[in-house]
Amino acid sequence: HHSYSDMLMKSVHDECPNITNIYSLGRSSNGLDIIAMIISGNPTEHEVGEPEVRFTAGLHGNEAVGRELLLLLMQFLCKEYKDRNPRVQRLVEGIRLHLVPSLNPDGQEKGSELSGWTTGHFTDDGFDIFENFPDLNTILWDAEDKGLVPKLMPNHHIPIPENMEANNSVRNHLNIAVETRAIISWMRNYPFVLGANFQGGESIVAYPYDSLRMNKPAESQRAHSPDESLFRWLAVSYASTHLTMTHNYHGSCHGDTAAGGYGIVNRWSVYALLFVGMNDFSYLHTNCFELSIFLGCDKFPHETELTREWEKNREAMLIFLEQVHRGIRGIVKDEQGNPIGNATISVEGVNHDVTTAPSGDYWRLLNPGEYRVTARAEGFSPKTQLCVVGYQPGATALKSREKKQEEREKNKRLHRGVQR
């Protein structure tokens with residue numbers, strides 16, 4: 001096991017300086033840096049057309065397996081890239097991967113193999129980071145009930161109300177932790193497409209929604225996200241490749257079989273959470289589709305068991321990362337070829353949009369099928385295209401050149417004049 005000061009990230013960077021970069025996404029309440037490593041063919045900047053992915057661990061500082069897996073993944077990718085492993089080279093050069101082994105470094109310093117179930121679980125200020133995100137679910141669901149979505153209120157990138165910036169969800173009246181604020185800022189600063197946070201205490205993959213619609217009758221409280229089928233696919237891609245996660249003979253860590261043998265679950269169906277989790281917030285506030293991967297019942301196993309944990313998870317981690325290339329991708333530009341940032345990408349039949357990065361590029365994760373995709377940007381006429389997402393690897397590429405609205409209206413008038 002590695003302490004905060006001995007997480008090997010610098011040695012990996014020294015070994016592979018051309019494909020790695022280390023940075024801090026913020027500081028803990030005790031002033032410790034929350035350290036991230038980027039692994040990519042060009043790690044120091046976003047490349048147009050290249051999706052960004054994040055793996056995080058240590059939301060709860062006493063859950064050591066995720067932290068150790070990310071440290072092992074860094075070493076593995078570095079070594080295999082240098083050894084010219086074709087699969088790893090394609091992966092490293094095709095994405096920009098952010099790895100954060102310890103989102104709660106203060107808690108990490110307290111947790112140990114001999115400590116109790118909750119020692120180090122919380123931040124030094126007493127927060128459970130996963131449960132500490134602003135409640136955007138209730139805002140969206142209330143607007144949906146009033147018929148405001150999507151014409152009067154967007155179904156994506158829901159802003160944090162000013163009162164929540166200072167005071168978290170109305171459900172629990174907690175302030176937002178220093179660590180949570182750093183994570184929110186980090187989420188906004190990078191065009192993440194896909195993410196996973198590694199936790200412990202269960203063996204399962206959980207996907208949004210995390211929470212229930214508490215203002216509804218009991219039979220209507222369970223809310224499925226518009227991307228339910230996609231989230232299920234992403235969850236299955238990890239759980240089915242993991243060496244033991246889909247084995248249902250052992251049940252869960254708490255004696256039941258909530259996963260139904262598939263190793264995946266809507267988080268609310270197991271925990272009936274009254275809080276808003278990190279995954280829901282990511283889905284509703286950013287473009288990033290995030291899941292929670294629970295790695296096992298023992299939060300802090302003996303170090304002799306870590307090699308086996310790596311063997312169980314290695315292929316699943318690689319398969320999950322490769323899913324970022326499922327769906328469609330493209331760049332939205334104006335007629336002069338200038339990129340259009342913050343354009344909206346809508347998929348007919350899916351009530352959740354994504355937006356373009358400042359460089360005009362976007363990625364919309366989708367399962368195989370035929371879709372009508374519309375790009376919209378303020379001041380430009382919308383453009384709709386029909387696209388097919390296949391089962392073969394690689395996202396379907398779309399090109400979109402937007403016409404300014406006034407030019408389009410002028411063309412309409414000219415066309416009407418010719419008709420007369």
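This is a predicted model: local features need pLDDT of at least 70, side-chain atom pairs count only at pLDDT 80 or more; totals for chains, interfaces and linings use all residues.
A disulfide is a pair of cysteine sulfur atoms within 2.5 Å.

**Entry 1: the disulfide**

I looked for pairs meeting the cut-off and came away with one disulfide. The partners are Cys-16 and Cys-78, with 1.9 Å between their sulfur atoms. I then checked the hand of the link between Cys-16 and Cys-78: it is right-handed, at 85° about the S-S bond.

**Entry 2: buried or exposed?**

I looked up Cys-16 next; its relative accessible area is 5%, so I noted it as buried. Cys-78 also has a relative accessible area of 5% and is buried. While at it, I looked at two further cysteines. Cys-288 has 1% relative accessibility and therefore counts as buried, and Cys-387, at 3%, is buried too.

**Entry 3: H2 against H3**

H2 covers residues 64–82 and packs on H3, residues 86–94, at about 115°, the axes being 8 Å apart. That angle makes H2 roughly perpendicular to H3. The crossing of H2 past H3 is left-handed. From H2, I listed Phe-76, Leu-77, Glu-80 and Tyr-81 in the contact; from H3, Val-88, Gln-89, Leu-91, Val-92 and Glu-93. Sorting the residues of this H2 and H3 contact gave me six nonpolar, one polar and two charged.

Methods: Residues are numbered from 1 along each chain as its sequence is written. Side-chain values use heavy atoms; hydrogens and water are left out. Axes are lines fitted to C-alpha atoms, for helices over the stretch in contact, and angles run from 0 to 180 degrees between N-to-C directions. Helices (H or I, at least four residues) and strands (E, at least two) are DSSP runs, numbered from the N terminus. Angles under 35 degrees count as roughly parallel, over 145 as roughly antiparallel, 65 to 115 as roughly perpendicular and the rest as oblique. A crossing is left-handed if the near helix is turned anticlockwise from the far one by less than a right angle, and right-handed if clockwise. Contact means heavy atoms within 4.5 Å. Ala, Val, Leu, Ile, Met, Phe, Trp, Tyr, Cys and Pro count as nonpolar, Asp, Glu, Lys and Arg as charged, and the others, Gly among them, as polar. Buried means under 20% relative accessible area, exposed over 50%, partly exposed in between (1.4 Å probe, protein chains only).
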